[in-house]
Amino acid sequence: MEGCDMGAIFTVPNSMLPRARRTGNFTLLSGRIARELKVNQEGRVRAVSVINAETRQEQEIRARIFAVCCATVESARLLLNSRSALYPTGLANSSDAVGRYLHGHVTAGIVGYLEDLAGTRPVNNDGATDHSYIPRFNMDDKKRHYAGGFHFQVQDASFMFPHHAHYMKGFGRSFKQQVRYLQPAMLWMDGFAKVLARPENRVTVDPDRKDAYGIPIPVVHFRFSDNDRAIWNDMKIKAQGILDKAKVRALFDTSPEPEGFASHEVGTVRMGNDPRTSVLNKFCQAHDVPNLFVVDGSCFVTFPEKNPTLTIMALATRTARYISEQMRKSEI
Amino acid sequence: MKLDEPNRRTTLKALAGSASFILIRPSFLHAAGASAPKFFSAQEMNLLSALTEAILPADEHSPGALAAGVPAYIDTIVSESGEDLKQSWSQGLEAIEALSKAACGAPFAGCTPVQQIEILEKIAANEDRPVTRAEQFFLELKRATIDGYYTSAIGIHQDLEYQGNQMVHDFKGCQHEEHSRAE
């Protein structure tokens, strides 16, 4: 799941950057860490101040338009660290929404083994069961006492590593034998459920605590709500039910407490029509700063149980089209 | 080859309990040969060799942690880690040596195999709720041994006989007679 030497699987380095490079209008500067976005007197971003990770030299890069895509925690951090006389609480933050509404997925993983396959000869079944998917199915459940749904990704790990070994007790000959015995029979149900977007769950920056480059670090304030816990609980009950019917034995629970966010954190630079309650408009353009765009999951207002990447890609494509149209009309 | 079937009771016992889930990506940091250790002393490497081999020993099916280069793997990981982790490993190994000297009057590597297993059984007794330093360290040691062994060529190919990641020239479909359709 983590990339492909042949370039057959979609990744940004394999798929998108070569396309960008072929336009001839693309320069990649790696090893630069953005400290802050600097504004001019009209309140537009004029430059990004970056630190070269190797030389520790700071440098300003100017541009006409800035698209921030640092992922949810870091995009909010960059805006909150970009304070000026015009934007004393952080860039594009007149709504006070920057950093707020942090959410993602609450997850629960259950690992078990299929009785009939335990102790059988290993076969090449990579790809056969890797990433089967159970979409949301609780829509018609009248007794549902929470908002939202969940999905399961089944067996989202290969058979190359025996993940059950991390959860088995003991050591020695019998331990090693049991790891081997269960390996062909492994089944892993990974659940992903909706988390509510709430303003009190947020990213702030702490000016007194700095990272190795002297940039104030982000601080994450987060608590699961009652709804988040209820959906998480029901997701586990449903997973157990499915596994029981599939004759999956010896279940063990990889998350005895709700865990987040499956690297799916979103929401800290939300979009909306009202500049008083949102940071970005429907084209991911900052209400306060016309030449600033944020094109990652932080623009999400709410987030269902589904994975975010395709939506992020679609919104980024839409934003790119909007930018090129606006530039043609000289409106930004 | 026929695999011995462990009885159901011991299997369930081994599976009981849970831990929080952190996916460790397979690493391929298995140093080859007996090059000089990067972090541990020669004495600590001896101890680490005895400990990892006791956790995942050679058996009739496959070689164990020592042959798979697990001590060198752990040495590489710890040498590249922060001070907290380095200290935790040094102190953990010390705690086990202290236990060994108290139990059998010798360092762990000098105890008999039976004594070694007794010592490990003692510190593995509270895997759910480790209290003492040695009990906490056992979990760290066991996890690192598992990661090192099952990401090695021996662990992947000889022990688990992993069949994946191969070019599939033609797809034969299901080979079960009862599932084959008459042409």
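Q: Before we start, what counts as buried here?
A: A residue is buried if its relative accessible area is under 20%. The model is a predicted one.

Q: With that cut-off, how many residues of helix 3 of chain B are buried?
A: Helix 3 of chain B, residues 70-79, has 9 of its 10 residues buried, which leaves the helix mostly covered.

Q: Which ones are they?
A: The buried residues are B:Val70, B:Pro71, B:Ala72, B:Tyr73, B:Ile74, B:Asp75, B:Thr76, B:Val78 and B:Ser79.

Q: And what covers them?
A: The cover over the buried residues of helix 3 includes helix 2, helix 4 and helix 6 of chain B.

Q: Let's take those helices in turn. How do the axes of helix 2 and helix 4 of chain B cross?
A: Helix 2 (residues 42-55) and helix 4 (residues 83-104) of chain B have axes that come within 11 Å and cross at roughly 70°. That angle makes helix 2 of chain B roughly perpendicular to helix 4 of chain B.

Q: Which residues make the contact?
A: On helix 2 of chain B they are B:Glu44, B:Leu47, B:Leu48 and B:Leu51. Helix 4 of chain B contributes B:Trp89, B:Ser90, B:Leu93, B:Ile96 and B:Glu97.

Q: How do those divide into nonpolar, polar and charged?
A: There are 6 nonpolar, 1 polar and 2 charged residues in the contact of helix 2 with helix 4 of chain B.

Q: Any reason for the spacing of three or four in lists like that?
A: As a general point, an α-helix has 3.6 residues a turn, so residues three or four places apart point the same way.

Q: Now helix 4 and helix 6 of chain B: within what distance do their axes come, and at what angle do they cross?
A: The axes of helix 4 and helix 6 (residues 133-150) of chain B come within 9 Å, with a crossing angle of roughly 115°.

Q: Left-handed or right-handed?
A: The crossing of helix 4 and helix 6 of chain B is left-handed.

Q: Which residues meet there?
A: From helix 4 of chain B, the residues are B:Leu85, B:Ser88, B:Trp89, B:Gln91, B:Gly92, B:Leu93, B:Ala95, B:Ile96 and B:Leu99. They meet B:Arg133, B:Ala134, B:Phe137, B:Glu140, B:Leu141 and B:Ala144 of helix 6 of chain B. By type, the contact of helix 4 with helix 6 of chain B divides into 10 nonpolar, 3 polar and 2 charged residues.

Q: What about B:Ile55, is that buried or exposed?
A: B:Ile55, which is found in helix 2 of chain B, counts as buried because its relative accessibility is 0%.

Q: What is B:Ile55 in contact with?
A: Setting aside neighbours within four places in sequence, B:Ile55 is in contact with B:Phe138, B:Leu141, B:Lys142 and B:Thr145, and also with A:Phe171 and A:Gly172 of chain A.

Q: Stepping back, how many helices and strands does chain B have?
A: Chain B has 7 helices and 0 strands. Of its 183 residues, 42% count as buried.

Q: And chain A?
A: Chain A has 5 helices and 13 strands. Of the 332 residues of chain A, 48% count as buried, and the C-alpha trace spans about 70 × 45 × 40 Å along its principal axes.

Q: In what order do the strands of the open sheet of 3 strands in chain A come?
A: The order is 1-2-3, with antiparallel pairing. Strand 1 (32-39) and strand 3 (58-62) of chain A are at the edges with a single partner strand each, so one side of each has no neighbour in the sheet. Neighbouring strands of this sheet are turned by 30° against each other on average, direction ignored.

Q: How many bridges pair strand 1 and strand 2 of chain A?
A: Strand 1 and strand 2 (residues 45-52) of chain A pair over 7 bridges. A:Val39 has A:Val45 of strand 2 as its bridge partner.

Q: Last one: which residue takes a positive phi in the hairpin of strand 9 and strand 10 of chain A?
A: A:Gly214 does, near 80°, in a hairpin with 5 residues between the strands. Strand 9 (residues 202-210) and strand 10 (residues 216-221) of chain A run antiparallel and are joined by 6 bridges.

Definitions and conventions: Residues are numbered from 1 along each chain as its sequence is written. Chains are lettered from A and ligands numbered from 1 in the order in which they are written. This is a predicted model: local features need pLDDT of at least 70, side-chain atom pairs count only at pLDDT 80 or more; totals for chains, interfaces and linings use all residues. Side-chain values use heavy atoms; hydrogens and water are left out. Axes are lines fitted to C-alpha atoms, for helices over the stretch in contact, and angles run from 0 to 180 degrees between N-to-C directions. Helices (H or I, at least four residues) and strands (E, at least two) are DSSP runs, numbered from the N terminus. Angles under 35 degrees count as roughly parallel, over 145 as roughly antiparallel, 65 to 115 as roughly perpendicular and the rest as oblique. Contact means heavy atoms within 4.5 Å. Ala, Val, Leu, Ile, Met, Phe, Trp, Tyr, Cys and Pro count as nonpolar, Asp, Glu, Lys and Arg as charged, and the others, Gly among them, as polar. Two strands pair if DSSP finds at least two bridges between them. A crossing is left-handed if the near helix is turned anticlockwise from the far one by less than a right angle, and right-handed if clockwise. Buried means under 20% relative accessible area, exposed over 50%, partly exposed in between (1.4 Å probe, protein chains only).
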